[in-house]
Every structure is written in C-alpha cells, then in structure tokens.
Amino acid sequence: MTPPLRSPRMVVDLSALRDNLALVRHCAGPREVIASIKANAYGLGVVGIAQALVDAGVEKLWTGNPDEAVALREAGITAQILLFGGVRPKHFPVLLAYDLQPTLFEDQSAELLAAAALAAGKRARVWVKVDAGLGRLGVPLEQAGAFIRRLASEPALELRGVYTHLPFASQDGRAWAIDRYSAFKQLTVDLAQSGVSIPVTQAWGSSGLLSGAPDSSTAVCVGHALYGLSPLTPELASRKELKPLVKSLSADIIRVDYATESTSQAGGYALSKRRRPATVAIGLGDGLRPAASGHSARVIAGGRCVPVAAFTLEHLMIDLGGENCAALFDQATIVGRVGHAEITLDDWAHWTGASPLELMMSLSGRIPVVHEE
C-alpha cells in the first residue's frame, strides 16, 4: 500500500494505554477485564490498540464492527473476539470461519446460526445481551430467562456469556443504573438456580467501574477508561489518574507569508497589518471541527500557541503574529506538547462544543495513526 502523501498524523502512546489498563484492573479486582475496541478503538487505530492489549494479557476483545473483527484476525490476532449485536445472518459463515463470537437476542438469528454451525461442522460460541432498561439492543428483561434457556439447550450453540449495558454520567443516572443492575443480577441468579451455566456475566463499563457501582458479575467491559476518557461528571469520579493516549496530532506548515504587512480583502484569508499568516495542511476534511461561536482555536507553531484564523476543507489558516516563529515545512501541533506549550483534546472540546470522544470519532479513519511506546 502506498504510504500517505499528506502530512497529518496522530501519535498514540501505548505506554499510557498499559498504565490505564493497570488502573482498570486494580478497580476491577477479581473481575475479568474485557476490552471494548469498538469504533476503531475509539478512533485510536483498532489493530495496533488490540495487539497492545493482547500483549498486555487481555484475553477478550469486544467490538460492534464485524469488518474490524475480520481485520484483526487477518492481522494475526488470535484473542477471543466478541461481537455486539447487529450481525446479519448471511454473514454467519464468515463469523464461523474467523472464530468470532456473536451476540444473540432473538430466536430467528439463533435458529439460523445453529443451522450455519451444523453446516460448517462447528459449535458456535455465542453471547446474549439483555435489555435491562436502556432500550438500545437486547432481549427484553422479562423475556430473557426463557430465551436464554432455549439457547442453552441448542446443541450447535455454546453459551459463553450474558451481559447488559447500563451507561450513565450523573448521580441520577447512577441510581437508575444500579436499580436496573439489580434486576439483571436477579435474572442471572434465577438462571443459575434453574441449572443454566453462564461462564461470564457482565453489566458495568467505565461508568460503573470508575464510580464503584456494586457488582457480583464476573467481568467488566471497559472502553473509555482504557483510552484516558471518563464518561462521568467530576462529582462522581475524577479522571486525574487516567492518561490520555493521543500524544500528538500534527501537520506541516505549507505556506508562510514573510511580508511585513498584508491587506485584507473581502472574502479573502489575509490578516491585518503586522500579522504573519500561515497555512497548515489539515482541515475539516480530516475530521477537525471548527471553533464554536465566541471561541478561538489554537495550534502550536514555533513553540508558541497561535490562533487559528480560519478553517477550510483541507487547511487551517493560522496567525503567527509579528515574529518569524515558524518556518515553511515546520510542523504545527494541533494536539500535544512542545516545550512549555500544550494543547489537549479537552481544549478542543471547549473550543468546539464537542466532547473529546466526539472529536476522536470525527478524526477516526481519516488521520494516519502511529503507535509508539
């Protein structure tokens, strides 16, 4: 594959990932840590992140994207790969060929997967998602017991686990989630008493883990916290111990106006007198978001934080000020630290009105990612 010719690139810090994993494991105690790598590992590059997690001893990876799951297998990753719901039955032969473990929550898919497994001479390993009140995906809680018993009795299927999803950000949300967790817990107790063996149960992600929600499940499935993000409001849990993974996001300066004065024209990008405009080769088409009204974004150029004057599809127009602080083909840092100057994802979140995760999703797949120790 021809390497990218444009200059933008993101450097991801794998040592920070390992530190966050150690913190998550400490919080999880005896529970197994399953890593959520959905959405291109939260925009950080799914293959490199998955390999680093496996190297650190993570045995199960969870994603909602079957194409990314196949890419992991083709990259040589042999860990267990679990799939959130949404896989169409016509893809079951592919899932079986790559030893992927899908989620089931309705009878028709269960019957078709059992038939596909029989045709392939395999026993399909499956998970069940229970909708305990969120309303996204899953078998409704009141129907879950009967559905799981039917699935567990199917010889072509092997029940690997039962889980639910109860995310929250606020104290009120936490109270709701704990109430719904209690109902999910009772379901698993009832199933065990009726003789259904469930190797893995899971209810909490980063929000439940970081806030210390009660849990008798055997696993947690964590995404945000692994990647240095917290879904919680500050009063519920601090994220000071979580380390950001984006070490830098940068692009080349491809134009510098060395003239001492410039004149502004209607509709143009020239800056006022005694300013030094420059152009950086990254823009909206790369996933950057423009600053919201009343805010001014900044980048680091020549070791100084300088303002962004305009956003275009492929470029940022920046103002170097009256000094020769940066030269043609120097790098401008959009996120990262250069000397004493630093710009973070949180800064961009403040300027744009988007969350750090939303910013990562905007950049995901558009910026080449380099994973470094």
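## About the model

The model is predicted, and residues are numbered from 1 along each chain as its sequence is written. Local features need a pLDDT of at least 70, side-chain atom pairs count only at pLDDT 80 or more, totals for chains, interfaces and linings use all residues, and side-chain values use heavy atoms, with hydrogens and water left out.

## Helices α7 and α8

Helix α7 (residues 141-152) packs against helix α8 (residues 171-193) at an angle of about 25°, and their axes are 10 Å apart. Helices here are DSSP runs of H or I with at least four residues, strands are runs of E with at least two, and both are numbered from the N terminus. Axes are lines fitted to C-alpha atoms, for helices over the stretch in contact, and angles run from 0 to 180 degrees between N-to-C directions. The two helices α7 and α8 are therefore roughly parallel to each other, a word used for angles under 35 degrees, whereas those over 145 count as roughly antiparallel, 65 to 115 as roughly perpendicular and the rest as oblique.

On the α7 side, Leu141, Ala144, Gly145, Ile148 and Arg149 meet Arg180, Ala183, Phe184, Leu187, Asp190 and Leu191 of α8, where contact means heavy atoms within 4.5 Å. By class, the residues of this contact between α7 and α8 divide into 7 nonpolar, 1 polar and 3 charged; Ala, Val, Leu, Ile, Met, Phe, Trp, Tyr, Cys and Pro count as nonpolar, Asp, Glu, Lys and Arg as charged, and the others, Gly among them, as polar.

## Helices α1 and α3

Helix α1 (residues 14-28) and helix α3 (residues 46-55) also have axes 10 Å apart, and they pack at an angle of about 50°, so α1 and α3 are oblique to each other. In this contact, Leu14, Leu17 and Leu21 of α1 meet Ile49, Ala52 and Leu53 of α3, and the residues divide into 6 nonpolar, no polar and no charged.

## The cavity

A search of the whole structure finds 1 cavity of 30 Å³ or more. On a 1 Å grid over the protein atoms alone, a cavity is a set of points where a 1.4 Å probe fits but cannot get out, a pocket is an open set with protein on both sides within 12 Å along at least five of seven lines, and lining residues have an atom within 4 Å of a point. Grid points are joined across faces, edges and corners, and a volume is the space filled by probe spheres set on the points.

The largest cavity holds about 70 Å³ of space, and its lining includes Leu249, Arg289, Trp348 and Leu363. Two or more lining residues come from each of β17 (331-338), α10 (345-352) and α11 (356-363), and the lining as a whole divides into 8 nonpolar, 1 polar and 1 charged.

The largest pocket has a volume of about 490 Å³. Of the 29 residues that line the largest pocket, Lys38, Tyr42, Phe84, Arg136 and His165 are the closest to its centre, while α2 gives the largest share of the lining, 3 residues. Its lining divides into 15 nonpolar, 11 polar and 3 charged residues.

The second largest pocket has a volume of about 390 Å³, and of its 21 lining residues the closest to the centre are Pro244, Leu245, Val246, Thr344 and Leu345. The largest share of this second lining, 3 residues, comes from β17, and the classes are 13 nonpolar, 3 polar and 5 charged.
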